[in-house]
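Here is a brief report on one protein model. Keep the sequence and the 3D view open while reading.

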Amino acid sequence: MAAAAVDSAMEVVPALAEEAAPEAVGLSCLVNLPGEVLEYILCSGSLTAADIGRVSSTCRRLRELCQSSGKVWKEQFRVRWPSLMKHYSPTDYVNWLEEYKVRQKAGLEARKIVASFSKRFFSEHVPCNGFSDIENLEGPEIFFEDELVCILNMEGRKALTWKYYAKKILYYLRQQKILNNLKAFLQQPDDYESYLEGAVYIDQYCNPLSDISLKDIQAQIDSIVELVCKTLRGINSRHPSLAFKAGESSMIMEIELQSQVLDAMNYVLYDQLKFKGNRMDYYNALNLYMHQVLIRRTGIPISMSLLYLTIARQLGVPLEPVNFPSHFLLRWCQGAEGASLDIFDYIYIDAFGKGKQLTVKECEYLIGQHVTAALYGVVNVKKVLQRMVGNLLSLGKREGIDQSYQLLRDSLDLYLAMYPDQVQLLLLQARLYFHLGIWPEKSFCLVLKVLDILQHIQTLDPGQHGAVGYLVQHTLEHIERKKEEVGVEVKLRSHEKHRDVCYSIGLIMKHKRYGYNCVIYGWDPTCMMGHEWIRNMNVHSLPHGHHQPFYNVLVEDGSCRYAAQENLEYNVEPQEISHPDVGRYFSEFTGTHYIPNAELEIRYPEDLESVYETVQNIYSAKKEDVE
């Protein structure tokens, strides 16, 4: 009977949405239904927000059911933006209608800004206040971020440029928030020992688009702790650690009881869960990210040690971090509490080496050298994070010249957040920004930031005058060159000097010699690189040398290259190119080629027609071959 009433009423609701007067047919039938049934109908998902607004204006009864803080508008909000519901507590009073309006307005603002970025950042003259309009947005930041995520999750191969800039904006917003949290964390007293929390901030900063939280990582560690407790119960059913509640920080003083915990940990981590040190791929940044250590069950000494330390402390074993050279360790005190201790009163634990317990002599054998007693001392959270970021910094310096240097940039930001007056790192950051600024595709505002960094360096260390002066001179020269560059260079295929250009932007190509797949995003009628590049790349050995068209291509390995025409051929089995900058130049992938976005098409206005002609000819030829 109730179901029949609901079905009958559901047929009436659309009609009500079109009626302005309360006397509409079926109104009395609808409003006389029980409140629960009416609420069920209005929350069924068949009505839009506009429908709810019109229905609520028909009579007092429906207006009361559609009150701004009630279930109807809450359901409208939930259905439209489900990922935001986790930010609301069930006990909070929320004006859902107002939240709906604010979120909708934030979405419109986000799309407006994303749509403007391609024109602003593709041009030669990029405004220096690149993200300032985002920082000054009104309304909750989570609403703006949610809309950016919605853009990134748009289905299909369209809106590539929107996705490209939405990703950049989201990356920036989240990194700024994480960096502020890290700086606040670093202001904690020296005895604040949440090593895991600090490591998670580093993880989040380097992976701002991933869903990483201390709560989730702690939950995963808690599940490991439960497994250890299960094993420990088999060793000693009365062990005091088994009585610990979540969040307790009690420590066990008896060495034998501590040893039982460590034995259970080693069994669970290394035998049951198969955690191990990553010897095969040691120099991989993933080894330093705690969420990846838990997923891949591998890491390097410092990340494995932090996991081991966290579990041990939750179970009452007071292990401490040791910033040992070349191989991070933990130490386990064997001496009496309150006694005067030296380095020989500790056992040193190698979490990378399956929890192996080492003496001082064995520690030195591990790294192949004798070290002073000071290097066996315990270090605080800031020093541990410095070691982690230092490792990332070393890995960032290994990136190739074609990469974005994102890891190096991120690790420099993190290091300077902890130690803002490190002159050598400030110089490195200045050189990096200068290097990124001189490339046409990079943001021009980075060049100006160099001047601020250099001024700070000069204040800290006047002895760096020579290096600073050199960078200032070249930065100012670059700015002057940029001022002289006006307008956009338009390349017409129909022009006589471009008659030898065979391929067009958007075509999927294959390199004849190296076999890589790529997409063309620019071309020159002849090689436009300098003599040194031509000599280093041995261009003169090519049959046509540098007097042939050259193409800017995005390669599937993430690099950008400049290839001679004679080395390229059309890929008859085109596939989507997985390159981070595809969206910068193209708006859509059709399955056979890429369509340039508005900014790239301005520069190559005749190429799109040529692409269609090329693709049509290729497929006509393939069809004839089949026949």
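## A helix pair

Helix 9 (residues 141-152) packs against helix 10 (residues 160-186) at an angle of about 145°, and their axes lie 9 Å apart. Helices here are DSSP runs of H or I with at least four residues, strands are runs of E with at least two, and both are numbered from the N terminus. Axes are lines fitted to C-alpha atoms, for helices over the stretch in contact; angles run from 0 to 180 degrees between N-to-C directions. The crossing of helix 9 and helix 10 is left-handed. That term applies if the near helix is turned anticlockwise from the far one by less than a right angle; clockwise is right-handed.

Which residues make the contact? Helix 9 contributes E141, F144, E145, L148, V149, I151 and L152. Helix 10 contributes W162, K163, A166, K167, I169, L170, L173, R174 and K177. Contact means heavy atoms within 4.5 Å.

## Basis of the model

This is a predicted model: local features need pLDDT of at least 70, side-chain atom pairs count only at pLDDT 80 or more, and totals for chains, interfaces and linings use all residues. Residues are numbered from 1 along each chain as its sequence is written, and side-chain values use heavy atoms, with hydrogens and water left out.

## Overall picture

The protein has 25 helices and 13 strands. Of its 627 residues, 48% count as buried. Buried means under 20% relative accessible area, exposed means over 50%, and partly exposed lies in between (1.4 Å probe, protein chains only). Among contacts between residues at least 6 apart in sequence, 61% join residues at least 24 apart.

The accessible surface comes to about 32,400 Å². Carbon and sulfur atoms account for 51% of that surface. Areas come from the Shrake-Rupley method with a 1.4 Å probe; for residues, only the protein chains shown count as cover.

## Salt bridges

The structure holds 15 salt bridges. Each is a side-chain nitrogen of Lys or Arg within 4 Å of a carboxyl oxygen of Asp or Glu. R111 pairs with E147, with the closest N and O atoms 2.6 Å apart. This pair links distant parts of the chain: R111 sits in helix 7 (residues 96-122) and E147 in helix 9, 36 residues apart. R111 is partly exposed at 31% relative accessibility, whereas E147 is buried at 7%. R103, R111, D146 and E147 are linked in a network of salt bridges.

R78 bridges to E75, with the closest N and O atoms 2.6 Å apart. R78 and E75 are three residues apart in helix 6 (residues 71-80), so about one helical turn separates them. R78 is partly exposed at 37%, and E75 is partly exposed at 22%. R499 pairs with E496 at 3.1 Å between the closest N and O atoms. R499 is exposed at 58%, and E496 is exposed at 52%.

## A buried valine

V322 lies in strand 3 (residues 320-322). Is V322 buried or exposed? V322 is buried, with a relative accessible area of 0%. Leaving out residues up to four places away in sequence, V322 touches F328, L329, L330, R331, Y348, L375, Y376 and G377.

## A nonpolar surface patch

V488, V490, L492 and I602 form a nonpolar patch on the surface, with about 310 Å² of accessible area together. Patches are made of residues with over 30% relative accessible area and no salt bridge; like charges are joined within 9 Å, nonpolar side chains (Val, Leu, Ile, Met, Phe, Trp, Tyr) within 5 Å. V490 is in the loop between helix 21 (465-484) and strand 7 (508-511). V490 is partly exposed at 42% relative accessible area.
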